[in-house]
Amino acid sequence: FFDSCRRIRSFGEVSPQRNPGRVREAVVSTQSTGRMSCRKLSYTLALIKPDVYANTISHRAILNRIQQENFIVAKERVLRWSQTEAEEFYKEHRGKFFYQRLVEFMSSGEFHALVLAHPSEPAITKWRSMLGLTKCYRARETQPDSIRALYGLTDTRNACHGSDSNESFISECAALFGDWTPPPEEAVIIEDSSPSLGS
């Protein structure tokens with residue numbers, strides 16, 4: 001039964017190291033003595049933006065939320081964009097009034113990129129629901145427990161990013177992780193206490 005499924009490690013505590021450029025992939029190809037189950041996974045991309053990543057307490061709190069909501073970190077890295085790289089990632093917004101401000105902010109410091117998988121709910125929808133509204137002041141009024149309500153400051157400095165469609169996830173994932181592709185929908189989840197990118 002498990003032979004037809006890709007094995008993916010379910011990390012215990014999510015706690016990334018501050019090591020820009022390092023990539024951690026949650027895939028193992030050897031047998032494990034951990035508890036295994038085969039589940040259908042869906043994926044999304046999450047970015048923890050520079051100001052929140054720089055705040056250790058806020059960063060860890062968001063990672064804990066990710067873990068508590070049963071997300072699996074399929075791949076992750078900490079990096080810093082050049083302005084050119086940020087411009088390319090956000091090219092769909094070129095010409096909009098906030099574009100230059102967003103590019104400058106996202107290239108101002110290190111941030112944390114994660115491919116999140118969920119075994120029972122649509123990952124894109126769930127992560128965006130956790131984020132709350134893009135405008136933080138509205139999130140604080142209507143979704144006070146959302147990530148942007150708690151950790152966001154402005155429309156640009158709104159704590160985190162989440163893919164808005166499967167097409168966006170594929171293109172954003174390629175921009176950040178090159179030719180890596182997520183494991184197939186069905187994957188063996190190996191319960192494990194290995195930490196994520198740093199502890």
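Among contacts in the protein chain (heavy atoms within 4.5 Å) between residues at least 6 apart in sequence, 80% join residues at least 24 apart. This is a predicted model, in which local features need pLDDT of at least 70 and side-chain atom pairs count only at pLDDT 80 or more, while totals for chains, interfaces and linings use all residues. Residues are numbered from 1 along each chain as its sequence is written, and side-chain values use heavy atoms, with hydrogens and water left out.

**The whole chain**

Start with a cartoon view: the protein chain has 8 helices and 8 strands. These are DSSP runs, numbered from the N terminus, with helices being H or I of at least four residues and strands being E of at least two. Next, colour by accessibility. Of the 199 residues in the protein chain, 48% are buried; buried means under 20% relative accessible area, exposed over 50%, and partly exposed in between, with a 1.4 Å probe and protein chains only.

**The largest core**

Now select Leu47, Trp81, Val115 and Leu176, which touch the most other members of the 25-residue largest nonpolar core. Such a core is a set of buried Ala, Val, Leu, Ile, Met, Phe, Trp, Tyr and Cys residues joined through side-chain atoms within 4.5 Å. Two or more of its residues come from each of strand 4, strand 5 (72–79), helix 3 (83–89), helix 4 (99–106), strand 6 and helix 8. Helix 4 gives the largest share, 5 residues. Centre on Leu47 and show what surrounds this residue: beyond neighbours within four places in sequence, its contacts include Trp81, Phe89, Phe111, Cys160 and Leu176. A second, separate core of 17 residues includes Ile48, Val52, Ala123 and Cys160.

**An aromatic cluster**

Which residues do ring pairs link into a cluster? Select Trp81, Phe89, Tyr90 and Phe111 to see them. Rings of Phe, Tyr and Trp (its six-membered ring) pair if their centres lie within 6.5 Å; planes under 30 degrees apart count as stacked, over 60 as edge-to-face and the rest as tilted. The count by this rule is 8 aromatic pairs. Trp81 and Phe89 make a tilted pair, 4.8 Å centre to centre with 40° between the planes. Trp81 counts as buried because its relative accessible area is 6%, and Phe89 is buried at 12%. Trp81 and Phe111 are also tilted, at 4.6 Å and 55°. This pair joins distant parts of the chain, 30 residues apart: Trp81 lies in the loop between strand 5 and helix 3, and Phe111 in strand 6.

Move to helix 5 (residues 123–131), where Ala123, Ile124, Lys126, Trp127, Met130 and Leu131 are buried. Their cover includes strand 4 (42–48), helix 2 (56–68), strand 6 (111–118), helix 7 (147–151), strand 7 and helix 8. Just past helix 5, check Gly132, with a positive phi of about 90°.

Then pick Ser163, in the loop between strand 7 (160–162) and helix 8 (166–177). Is Ser163 buried or exposed? Ser163 is buried, with a relative accessible area of 0%. Its side chain makes a polar contact of 2.6 Å with the side chain of Glu172. A polar contact is a pair of N or O atoms within 3.5 Å; within protein, one must be able to donate a hydrogen and the other to accept it, and residues adjacent in sequence count only if both atoms are side-chain atoms. Among the other residues in contact with Ser163 are Thr44, Ile124 and Arg128.
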